Amino acid sequence: MAIVRESSAIIRDVMPAFELFQPTSIEEALSVLAQYGTDAWVLAGGIDSFDWLKDRIKRPKAVVDLGRIRELRGVRELAGGGVEIRAMTTLTDVVLHPAIRKSFKLLADAAESAASPQIRNQGTIGGNVSQDTRCWYYRSGFPCYRAGGNICYADTPYGMNREHAILGAARCVAVSPSDSAPAMVALEAKMLVRNSNGERAVNAEDYFIGPGFDITRMTVLKQGDILTAIRIPSAWANASFYFEKISDRPVWDFPIVNIAAAKVISGGKIRRIRLVVNGVAAHPWRLRQVEEAVTGQPADEQTGARAGELAIADAVPLQHNGFKLPLMRNLVKRAICATPA
Amino acid sequence: MVPVFAIQFWNSPEGAVPMSDNPGSPAKSKGLTRREVIKAAVAVGGVSASAYLFRGYIFGNQVRRAFGSAPGSMGRLITLNVNGRRRHVDVMPQETLAMTLRYKLGLTGTKLGCDRAECGSCTVLLDDVPHYSCSVLTQTVRNRKILTIEGLAGPDGTLHPVQQGIVEQQGFQCAFCMSGFIMAAIGFLKVNPNPTREELARGVSGNLCRCTDYHKILDALMRGAELSRGASHA
Amino acid sequence: MPDSKQEGTAAQVPLVTADTPADKSKLVGQNYVTPDLFAKVTGQAKYAEDFRAEGMLFAKLLLSPYPHARILEIDASQALAMPGVRAVLTMKDLPPPADYMTDLGVLIKANPLGERGLAMEPLYQGEPIAAVAAVDELTAADAVEKIRVTYEPLPFVIDPLASLRPGGPNARVEGNVWGVLGPEAPVGAKRTTPVPEVREIKWTEEDFRGYDEGKMPTGTPTGEWSYGDVEGGFKNAALVLDESFQTPNTSHECLETRTSMAYWQGGKLHLFGSTQSTSQTVPAIARWMNMKPEDVVLVSEYTGGGYGSKVTSSVHLIIPAMLSKKCHAPVMMRITREDENYIGRARPSLTGRMKAGFGPDGRLLALDMFVVADNGPYDEVHDTYISGQIVSLLYQPVAMRWRGISVLTNTPPRSPQSSPGGLQGITLMEPVLAKAARRLKIDLLAIHRINAPEGKAPLGPAVDGKRAHATGCFMKEALDQGARRFQWEERRKANSGKRNGSKIRGVGVSSSSFKSGSKGFDGLFVIQPDGKMYVQSGIGNLGTEDFSDVHRVAAEMVGMPWEKVVVTWGDTSKHLPWTCISGGSQTAHAMTRAAYAAAMDAIGKLQQIAAKDHGGRPENYEVRNERVYRQGGGPVMTLAHAAQRAIALGGVYDGHELPKDINPMTVRSAKALAGRGLMGVARDNYRQDGTVFSFVASFAEVEIDVETGTYKIVDFLAVADAGRVIHPAAIGGQILGRSMLGIGHAIGQKWVFDQHLGLPVARRFYQTKPPTILDAPARMDWAALNIPDPEGPVGAKGIGEPPVPGGCCAILNAISDALGDDIFRRAPVTLDMILTSLENGHPVISGLAADI
């Protein structure tokens, strides 16, 4: 007896109707979010959001566009050498900002590697770091763990998982697709999160979360929260930086693996280092063990090679992504022994 | 309902339509004379009011919701600055700029290739900066200066130097991607007027060409950059 | 750029490059501003979605969520009850499949199992099931969601080899292969084609032995041919290789989707579509609609890319046409990118087993080729058969056996794509050739040269004791010119395998070829009393510029300056002649012949008119410089005056009497234009000994980062044998543009399916990875030999196809030059494959599953 199913069809494109709000202050935005609760959707640059809406998978009643809130835009230099980047600052403005280029080139390079010129002109730094995963099952509307279901389609014997996680998987094997997020973790950025209870600062390292913490979210942001700014402290200003992104296409592609490193080297030895890899786990993956192991060591090939092996010691490949291990290993090696440009 | 089976070549009522009267102009052999263009524009009449999009919703319950009273909620009748002209238009909350341009303002030179911010065919300039108009809500650009492919040529049909570069080099093949490439290039040249070939390629790298005529496109755009530097385009 | 000094045999070769100076006294071979360009750069060019009609409705498609299912019920009541919804269309509303008579008088029997546009047994995820027409798109989309469909899911298969396994699933209830192989049953020989049917073929476990080691299994084929002593060839070979390789499924991904708009007026269907061909699309629509061709008006002035996916109308054009009929209103069906991914056609993947025996000098003595095509669910693709033909021509194996099978799969429908079968066949062969060169320690260029076809080279199997042959082949000349311009020897010596840190360089070359012309079509133009030449062009405007270029042949012949030529195209209500399909690179050859025929007709009439008015015999007169001159001086007649005289004379002169052999469509058009001036109208009846092929030699240098598996193409050159060059800028664009399409096949473009769910997971550009402008080689250059084809009056040949495999394989061969044998066993060669192979010391054995 054949299984007979009644089903509605796939229909993508044509955004369903919603109500659009364009508040001019954060308070106003928070009040709309409070009013609509889970029916509200926060719109920053929109590059990630419109996919969800056009796919008719997410159907908010109210869309809250943050684009008219002046206090969410701009870059401010902080006393002591840090910078504060308001969340709605475009990636292009981050890339071109003189203070960022001068002291935190790592972030400029990371932001410049994202997507395409038009997207960088519109996409925001807040949106880029907070964007949802690009797991193609999840983004196709499959009822997977992350979508509230009880299976991971990518982690089956037939699952197509070339782009998926080799570290930190817990039921879900999706990865963070952000190019700027690992730079934020490397630079010890603080993420300012505001809701009706006030504003709090969250370490970038804690801002990004894995499926073990909450399988349905990529960041600590919850309904009613708005990321207002990212503060980059002076801790790594003018350090020796290394950013590299490996992707299939040189433009408009997500990282297969990217790496962001900040180093302080003197006398040929690594004095301090922060080393973060993305595209390998649900959140930017900081290599604490490697950082500890290489501190005090010469910044050379040998240290790099050892660091690379150590970096992938705990990695577990899926059916189609074993290549990410040598790729990550080699990128860690390069990040350690690369001489500053 | 009795439909009127008149096909209208929807030209921009801007009057900036560069259909030259010069007999030597290639536009002549395309078969559209200025008279025909004017005739079409007359037949179209008040185009922006008889919108093709969301007609059902204009009369449905969406109206009440769209004019909701919550703080910051938007009205639908807005004014846009398109190609230097103020255009009044009725815009739904979820409407993208590409759809408004194409279906309400008759500016069909802006193309929809993917509608997903991937191919660049819909690129327009917002305050001189290239954007994918398929992924911009029209409601969010009320105070911006919108420039489309139709706004480039002069009233006398004089081409923009980047357009001229393409004509000289026979750039592009099917040309579906062309207006997006032109707008992306013009936006990039405003920031970097004297690019190397590689820099220009990066500048227009958010645009796809499926005839993959990239080499000839870059020849044409480099020529356009050269002509732009020579021209006194303010 | 190397200088144009030439030596030896190359001295006779009149190379055309981007830098060849212009000759203003000529039209043919010169650059000019095409008549469509101004509209294109200003955004005024109207593609299908740019047309509007008063009261226009919008259609949206309901797509199947299952890869294979039977539909038990479609309940559209809730959708139809919505305000603004006008109609729902399903398969039962469509005209039944109809037989079709070709212009050669062959009756093509309707395929009862063919694609219908809307399905009750969807055969792939995304197949359209129903269409809704509503007053706006949002209402239509919301209505689609309200349609309840009851499905009975059926077995499905994504991988063709999985379907051939014993007990493997079939894509269709009736089986997994077509019963009749199209090209093998020579259509021309029979007046009626058989009704296609589906049957089942399974291979044995024994056939599959070796699969896990990466060897493609071989079992019962559906097609087979051979010539020469294949086994003897292997016995005499100094080297025998046995290689398995897979090419990717790649969607055409035209930037303009196949959007269309339709309305009815006075019993005629007016369709605004996106199609490659203009004239030939009319009978195609008429067939789908069960209408007479004269009741169909097609408008397609500008087409945003086709590459074989829009050769004539896609079946889906009938949806807005039928909805419009149902609603009594114009209907626009805006095809989204998601829709296009499903219905927009794709090149079929071929998996190949190539057993090749080489002599010590690299000569290909014997080739045993077996190909399995991933056919998709509908009509049989011919890529299998063509792959064998092209390989047999391009490498001239002394003896060859070809076997092939096209296996049905539950994946989106296929169609030809630039160099259909050629890309796959050459991509299966080139890595074998490169490996043989390394094993035999022969230069890669030399092994291409020694196997290159020359003169009227034979191809394919013997039919009735005789093998087909090409009209002429200048493959060696292209290789030689390319080697000189690319500085092949110096570059190989300096850069081949050269390591710098983690980067290694590789240098590669590839041969390529494809059929590039047809014949027997009509030319039509009128010289009017205003002194202008009005050319009717039935050629599609898909970016090749052929719609205009070919007519420069006629204009030059009648001495008409281009400024006085008016080309009408893209609207079949404007009296267009019967024309070849604008696909398969036929046009440049076929329609320059037709243009030549029409011009000869006009010249003859002009001579007769001059002789009537001024005495003497017609042959005493010659036509040039807008005038008819009497040889040796005497009276002169302007073409404007001759046009007036033609109208006065009537009869054949102004089109009131027409040639008997022109197509009925040309007859209708010519009758409508009769009396306007002097008409040039004729069918191309010029004889031709052989089939026309173009050739390309492609060269590439790559730099590979062995730590990341990424690579860059640092230099690329393609040299084409494409006959007489008509329009250098257009041919240069075709050569490098189509090379880039091939490069896309080498570096990244492909499908990804979840075999278990039967669904495509790669649906976006960032997932299917068409090449970007930054993927283009840092340097690119082209040249064309400009040797007229030995057959035919003009000697032009098409060039849209052969650059594609050349581009792909020059890259593949450059990669293996840098990294050695057995790094990859499928294309595209992505960074994960390179890294894994280098890490393991051998290529990953992932079987030969499709779409991973």
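Predicted model: local features only at pLDDT ≥ 70, side-chain atom pairs only at ≥ 80, totals over all residues.

Student: Which domains does the assignment give for chain B?

Tutor: Domain 1 of chain B covers 4-17 + 28-46 + 153-233, and domain 2 covers 50-68 + 75-151.

Student: How many residues does each of those domains of chain B give to the contact?

Tutor: Domain 1 of chain B gives 20 residues and domain 2 of chain B gives 23 residues. On the domain 1 side, ten residues are nonpolar, eight polar and two charged.

Student: Changing topic: how many residues of chain B are in contact with chain C?

Tutor: On the chain B side there are 61 residues, in contact with 70 residues of chain C.

Student: Which elements of chain B give two or more residues to that side?

Tutor: They are β1 (7-8), α1 (26-30), α3 (55-59), α6 (161-169), α7 (178-191), α8 (197-203) and α9 (214-230) of chain B.

Student: Which one gives the largest share?

Tutor: That is α1(B), with four residues.

Student: What kinds of residues make up the side of chain B that touches chain C?

Tutor: That side has 33 nonpolar, 18 polar and ten charged residues.

Student: Back to chain B itself: what percentage of its contacts between residues at least 6 apart in sequence join residues at least 24 apart?

Tutor: For chain B that figure is 65%.

Key:
Residues numbered from 1 in each chain as written. Chains lettered and ligands numbered in written order. Domains from an automatic or database assignment. Contact = placed C-beta atoms within 7 Å. Nonpolar A, V, L, I, M, F, W, Y, C, P; charged D, E, K, R; others polar.
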